[in-house]
Amino acid sequence: MNYQNLTALDMGIAASLILINGALSLLLRLGLGRQLLWAAVRTVVQLLAIGYLLGWVFEFAYWYVVLPMMCAMTLIAGLSAAGRGRRTYRGQRVDSILSVWGSSWLVTAVGLFAVIRIHPWYEPQYAIPILGMILGNTLTGVSLGIERMTQELTSGRNTIEMILALGGSRWEAAQEAIRQAVRAGMIPTLNQMTVVGIVSLPGMMTGQVLAGESPVDAVRYQIVIMFLIAASSALGTVGAVLLTYRRLFSKSHRFLRFRLEERA
Amino acid sequence: MSALIETRALTRVDERRQVALLEPTDFTLNSADRVSITGSSGSGKSVFLRALALLDAPTSGQILWNGQPVANADIPHYRSHISYLSQRPALLDGTVQDNLRFPFSLKTLRKRRFDLQAVTTLLGHAGKTADFLHKNAGDLSGGEAQVVALIRTLQLNPEVLLLDEPTAALDPTSSRDVEALIDAWFAGDNSRAFIWVSHDLDQAQRMSAIHLQMSAGVLSAVAQP
């Protein structure tokens, strides 16, 4: 079986399909024309850029090239996890970066050293895509967790203060919000795990199959990745929610609700 | 007569806007005191009460309980004795009885037991029978919800009640139920004391012996007529 390389013309044919979206937008007066164009341009530019960048990194497979790249990816994931949600507090960025960083690197390390056992560990062909997939999902969990936590603390403020006023500890007062937030952060991964292979064929597996790998081998990789993703997003979510808890409840069992603010 | 709670030069500044909410306040609450604080909204009545409940951290000054500052680890214990009741009752999902049992699930109160008989007596003061216990908390009126929140606190036999406009949103009947419950609790032990924040001057006159007023963060005695 041959691997079919794509030319610029091939990409052009596919890209022209965006005209369908454009026609729909015009027909239904959705007013999405500019956004569609922008999205299309970003897709092409971002992917081409990362393609060239990865090509370069793969050529220079040194730890001092791969490691900074991994750091940059993690930092961007952490920052974009913090940028969502209606409410924020001072230090949310730090909490978000810390929880994304800690969980994704721990789990990626398990994947690279214990499961795939690749040598050297920084082999970019493995390290970068695996970290990338883990980051993408962890960032979703972390941002949903923080968002839900701040939302629960805002809407449940009376109940939280009631528990504190009755003599509850800060942990007892925050427990329900923490539970809801961790659930919210873990649900996307759980949903993904239940439909994988039936409703959706994951991108990595599809990619390996397209590249000529046997489906059975591709599936093994996918199973490993799913579990790495599940572990990292769970750890990241719990970490982020607990860090939020520490910011908003003081050691004197006070709920520091003034630290929560609406995003401008 | 002994001092239950004392404040020394207690102040609070709004954390976000840096506006003074409470000017330096020296205050003593002795046992058997019935204190009312009146004043317009935004004058700092609630700010003061919440500070006494240790719900908001003071900017400066001290709060002493039986002559001692309260260590962080003892704050939940303090709050189970010095009980704050807010204007908006917060009830949990479930029945009235579930709500009344809730405090005993907290670590500070775990050694104590829910006492059905004591609760039934308290319900009687508010003119409620035992079937009230099985009502769904979500179906209660605002007045009934406040009665439940008050009984939830009173069954713990607090030393001090910090009442933050508990009847402000209630109909006259429920207000009387709340007043009756508080009278009965106060009469139960001569070491008890309360501070009642109210914007209702008649109620303040009726329910308290020491009348204070708050104006722009300054607490002062009301001139007796």
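Okay, let's start with one residue: is B:G142 buried, exposed or partly exposed, and why? Keep in mind that what's on the screen is a predicted model.

So, B:G142 counts as partly exposed because 13 other C-beta atoms sit within 10 Å, and the buried label needs 20 or more. You'll find B:G142 in helix α5 of chain B, which covers residues 142–154. Who does this glycine touch? If we skip the neighbours within four places in sequence, B:G142 is in contact with B:A169 and B:L170. For a sense of distance, take B:A9: that residue and B:G142 are 133 residues apart in sequence and, C-alpha to C-alpha, 37 Å apart in space.

Now, over to the core. The largest nonpolar core has 104 residues. The ones with the most contacts inside that core are B:A53, B:I151, B:V160, B:L162, B:L181, B:F194 and B:I195. On the chain A side, helix α6, residues 124–155, gives the most to this core, with 13 residues. Let's zoom in on B:I195. Again leaving out neighbours within four places in sequence, B:I195 is in contact with B:L29, B:V35, B:I37, B:L49, B:L162 and B:L163.

Last bit, the contact between the chains. Chain B puts in 24 residues and chain A puts in 16. On the chain B side, α2 (75–81) and β6 (82–85) each supply at least two residues.

Technical notes. Residues numbered from 1 in each chain as written. Chains lettered and ligands numbered in written order. Predicted model: local features only at pLDDT ≥ 70, side-chain atom pairs only at ≥ 80, totals over all residues. Contact = placed C-beta atoms within 7 Å. Helix = DSSP H or I, 4+ residues; strand = E, 2+ residues; numbered from the N terminus. Core = buried A, V, L, I, M, F, W, Y, C linked by C-beta atoms within 7 Å. Buried ≥ 20, exposed ≤ 12 C-beta atoms within 10 Å, placed from the backbone.
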